[in-house]
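Please open the model in the viewer and keep the selection tool at hand.

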Amino acid sequence: DNNLSQTDLSVAWPVSNNWSAMGRWQYDLTNKRNLEILSGVEYNSCCYQVRVLWRKWVDVDDNIDHPNSKSGIFLQFVLRGLGDLTSGSTKEYLEGIKGYTGDEK
């Protein structure tokens, strides 16, 4: 019937002046399975950012009773003031991480 209860845990951790680590875990309590796992690192300098993320997820429009999980590694380069040098953005993945402040200034 596509009803579910879920948890959502996330962390953003500054490792050093320029490095940060982040992660997120969404779990389906009803069906006892992962909905999304995200982990990554980010390097920030005065002029650019580099992000590397690993993500495993279930699409929102999948049948929740029989989902097809997907996974991928995402690499993003951002020139501050100019924007993203890659074709996509990781911003939507990172928005759900409480405390994450990796804005592309």
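Buried means under 20% relative accessible area, exposed over 50%, and partly exposed in between (1.4 Å probe, protein chains only). The model is predicted, so local features need pLDDT of at least 70 and side-chain atom pairs count only at pLDDT 80 or more, while totals for chains, interfaces and linings use all residues. Residues are numbered from 1 along each chain as its sequence is written, and side-chain values use heavy atoms, with hydrogens and water left out.

A disulfide is a pair of cysteine sulfur atoms within 2.5 Å, and the count here is 0. Cys 46 is exposed at 69% relative accessible area, whereas Cys 47 is partly exposed at 44%.

Next, select Met 22, Leu 38, Leu 53, Tyr 93, Leu 94, Ile 97 and Tyr 100. These 7 residues make up the largest nonpolar core, that is, a set of buried Ala, Val, Leu, Ile, Met, Phe, Trp, Tyr and Cys residues joined through side-chain atoms within 4.5 Å.

Then turn to the salt bridges (a side-chain nitrogen of Lys or Arg within 4 Å of a carboxyl oxygen of Asp or Glu); the structure holds 5. One of them joins Asp 8 and Arg 24 at 2.5 Å, N to O. Asp 8 is partly exposed at 36%, and Arg 24 is buried at 13%. Finally, select Glu 42 and Arg 51, whose side chains form a salt bridge at 2.5 Å, N to O. Glu 42 is buried at 2% relative accessible area, and Arg 51 is buried at 2%.
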